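Open the model in your viewer and keep the selection panel at hand. This tour goes stop by stop: what to pick next, and what is there.

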Amino acid sequence: MILSLLSIFDFFKPGFFYATAAVFAVLIVLLLVLIYWNLYERKAAFFQPQSFRVEFELWVSKWILEDLQDTDTIRVPLKFAKHLKRPNNRQFALDGLIELKKSVAGAVGDKVVALYLELGFKEDSLKKLNSVVWHQKVKGINELSVMQQEDMNARIFKLTNNRNKYIRREAQSAMFNFYGFKGLRFLNVLTHAISDWQQLNLIEQLRPLDPEPIPGLSGWLHSDNDTVVIFALRLAEIYQCFEVHADVVHCLAHANEAVRSQAAKTLKEIADDSTADILCKQYTVETVRNQVVLLNSLAVIAGDAQQPFLTKELDNENAFLKLGAARVIATCCSNGWAILGAKAREQPSPFQKIYNHLRFELKK
Amino acid sequence: MNWGFLILEIFAFGIFLYSIVLFAFYVFIGVFSIGETRKYIHQNRVTDYRRIASSLHAPSVSIIAPAYNEGLTIVDNVRSLLSIYYYNLEVIIVNDGSKDNSLQKLIDAYQLEKIDFFIPDQIPTKEVRGVYKSRNPVLRKVVVVDKVNGGKADALNVGVNIASNDYIICIDVDCVLEQDAILKMVKPFMEATTQRVIASGGVIRIANSSLVEHGSLVKVKLPKDYLPRMQTLEYIRAFLLGRMAWSRLNGLLLISGAFGAFDKEIVIKCGGYNRNTVGEDMELVVRMRRYMEERKEPYKVTYIPDPLCWTEAPASYKVLGRQRNRWIRGTYETLKFHKVMFFNPRYRLLGMVSYPYWFFFELLAPVIEFLGFIAFLVMVFAGLVDWELFFALFAVVIGFNYLYSVFAVYMEVKTYNQYRRRTDIAKLLLTSLSEPFNFHPFVVWSSIRGLVDILRNQHSWGDMAREGFDKKKS
């Protein structure tokens, strides 16, 4: 009787489900074919043209070690011509040259660039640059940048403010690669954010260069783009740009907490006689996060004049700030240890621990 | 009206509907993860990590590794952590009241001395017995904390209190990290401009049968044993598909306790790890997200698909059962603590999608599967099964399961391709054939036992015995 009642599942015929399972089976077979095709391709790419890969690398190594004056006469062996027609092999050879160029400089680097041009790889890079696919464009910019193709600077400069962050990032790095400090001019027009990762990348790219005055630094410190201000503050900190002290002090009043934090760090490096007092004043209106930064900066530039303020801060409720203030007293005040010792006797918990902690930390 | 028939009918239709929605989610997750992984791989093609690794200006990071009775391997584990390629690094080992000689081994191996250390009590914890640092300046990165036993969450909280840096990375001490793991984990935090990245997870891979030498992974091998191999496939599915898709949606609720990076400020503001749950890793992420949602601050929880952390998977049914029992209890406890978010539009995607997904398809899935199986048995004995329809439905379910596994293996081959031998891939695919009949029912059964333990008020962590990695023969 039960079976005679109509079930919802009566609307579904087994054939429908078998058909669905068959579709799954077809997809599984398709994926299996793709998996093994991929594995085969990888293996083939690794082993079969190994003669090309190994020989090309060997030839390049030999060639760059030859007489360095001989850059005009590049004779690419004919046997490579066939292999270099295949896109995979071309990209392999190009990637090899890019890696090589990154690790060499001077005349050897010039030879690598000459080979890049001779093999027609610049056209490959330009094709990528013209691509509408973002990661192709990024790769193109990267190749042109590493190979110092400065004639492309106008096109690449336009991309420094591209809405795609990866394109923008690579274009900014390229401008640095081409012109060093002068390449920073893109900061004048940058409306998009420049991430911490990118800032650090650019700073590390600048590191090998000899320090020189940074044109436009003062203007960037007043930029509407907060991340440009932070980057400019970082540059002022690293290159100790004392000439922008007033601009940096101005940044302490910025609405963005991260800007104020970086300004406090920068002021530590370009401090003058008034800086410690400015930081103490700023301390009272700061967030706890920035107060920690301010104390870290004061630990380098404070003196006996700031002692009353610091002693007061020992009574702050926040344990981190207590410790920070005690650290500044110990390092910057002439009778710092005596002050902390007296405080530890007066209020052993937590000041005895803080005293002992700093004794160990600062003896190192 | 026949009420028995009606109830059975509603139940069967409910399960049918549930399965359709679950399948739809899986299809969505599989497809949605592709874009995120592809984007990550493309952007990494021109990223020069070496430049940042040696930078003095790179953000400082504290690794926190709790250890309990790890005396056999602790010295090698710490050596592995010290070999990581990152300049501004602090390695905090928290000895959580081990009963073995872990602490003494560390003292001897790393020339440690007890120091006076003021620990700001930002998160309440059990008593810290001592803080140790090395006399050897080369080992200045190492901080060892000895504390009274209080569980993993308590040990991690001590690490958070001690950490001197803005970013913390919490790991299991016996994990093997790739050399560039920290760099890659820190990158999402540094790349954020409009949303604050509060946490980031990395992919965990199974290292059973792989060669590990001096705490570093020398050669990746597919696990020889069935259970670890099955978990290898499971992890590929979960990390390469599931978490990448949720990361793209910004709806991730879980970052594995074995390897996760966090913004320390938000961790402290949220009160640190919860000591009252066995799922402290998930609970922290949910609480951090809830905190940000309630303050309406833009934020993101990210995941990166690189295989950065290698761990040993349970190789016996006993240990695996305990692990899955604990996982389901952790999920239940976390969802219970944060039940206010359930279909609550105030929490946007978190309340309307992520939480309900975890509730229906992670927490309730074993219950529904188990009840479905019982109902099936009842129907068999009552002679109510339309066998033709049953086999047709069975073919769909099994077919979908295999399709999802094969797709995960395809993504693995297309992206990171850790198992390069064709025979390894074949073994992995063959292993998946047995999953619906062996591994999966066991996992469901362990989860059911976990739920029963909740009813019986059991809160134990469960011993996670390890066999140790394969070592290179000299």
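In which loop is the place of B:Asn250? Select B:Asn250 and look: its place is the loop between α7 and β11 (259–263) of chain B. Bear in mind that this is a predicted model.

**Two positive phi angles**

Stay on B:Asn250. Its phi is positive, about 55 degrees, although the residue is not a glycine.

Now select B:Ser209. This residue sits in the loop between β8 and β9 (211–213) of chain B. B:Ser209 is not a glycine either, yet has a positive phi of about 75 degrees. Is B:Ser209 buried, exposed or partly exposed? Partly exposed, with 19 other C-beta atoms within 10 Å.

**The sheet of chain B**

Show the strands of chain B. Ten of them, 10 strands in an open sheet, run in the order β3-β4-β5-β2-β1-β6-β11-β8-β12-β7. The pairing is mixed. Colour the edges next: β3 (112–115) and β7 (176–177) of chain B. Each edge strand has a single partner, so one side of each has no neighbour in the sheet.

Zoom in on β3(B). Its pairing with β4 (residues 128–134) of chain B is antiparallel, over 4 bridges. Pick B:Lys114, and its bridge partner in β4(B) is B:Tyr132.

**Helices across the strands**

Select helix α5 (residues 152–162) of chain B. Helix α5 lies across β1 (61–67), β2 (89–96), β4, β5 (142–147) and β6 (167–171) of chain B. Its direction is at about 150 degrees to β1(B).

**A bent helix**

Go to helix α11 (residues 348–363) of chain B. Where does α11 of chain B bend? At B:Ser354, by about 25 degrees, and B:Pro356 follows within four residues. Show side chains here: B:Leu350, B:Gly351, B:Ser354, B:Tyr355 and B:Trp358 are buried. The cover over these buried residues includes α9 (280–294) and α10 (317–337) of chain B.

**A cis proline in chain A**

Switch to chain A and select A:Pro350. Its place is in helix α20 (residues 348–363) of chain A. The peptide bond from A:Ser349 to A:Pro350 is cis, with omega near 10 degrees.

**Two domains of chain A**

Colour chain A by its domain assignment: domain 1 is 213–297 and domain 2 is 302–364. Their C-alpha centres lie 25 Å apart. The contact takes 7 residues from domain 1 of chain A and 11 residues from domain 2 of chain A. On the domain 1 side, α15 (275–283) and α16 (288–301) of chain A are the elements that give two or more residues. The most come from α16(A), with 5 residues. By class, this side divides into 5 nonpolar, 2 polar and no charged.

**Where the chains meet**

Last stop: show both chains. The contact takes 45 residues from chain B and 47 residues from chain A. On the chain B side, the elements that give two or more residues are α1 (3–44), α2 (49–53), α6 (181–191), α13 (387–414) and α14 (422–434). Select α13(B), which gives the most to this side, with 16 residues. Colour the chain B side by class to find 26 nonpolar, 8 polar and 11 charged residues.

Notes. Residues are numbered from 1 along each chain as its sequence is written. Chains are lettered from A and ligands numbered from 1 in the order in which they are written. This is a predicted model: local features need pLDDT of at least 70, side-chain atom pairs count only at pLDDT 80 or more; totals for chains, interfaces and linings use all residues. Two strands pair if DSSP finds at least two bridges between them. Two residues are in contact if their C-beta atoms, placed from the backbone, lie within 7 Å. Axes are lines fitted to C-alpha atoms, for helices over the stretch in contact, and angles run from 0 to 180 degrees between N-to-C directions. Ala, Val, Leu, Ile, Met, Phe, Trp, Tyr, Cys and Pro count as nonpolar, Asp, Glu, Lys and Arg as charged, and the others, Gly among them, as polar. The bend at a residue is the angle between axes fitted to the seven residues ending there and the seven starting there. A residue is buried if 20 or more other C-beta atoms lie within 10 Å of its own, exposed if 12 or fewer, and partly exposed in between; C-beta atoms are placed from the backbone. Domain bounds come from an automatic or database domain assignment.
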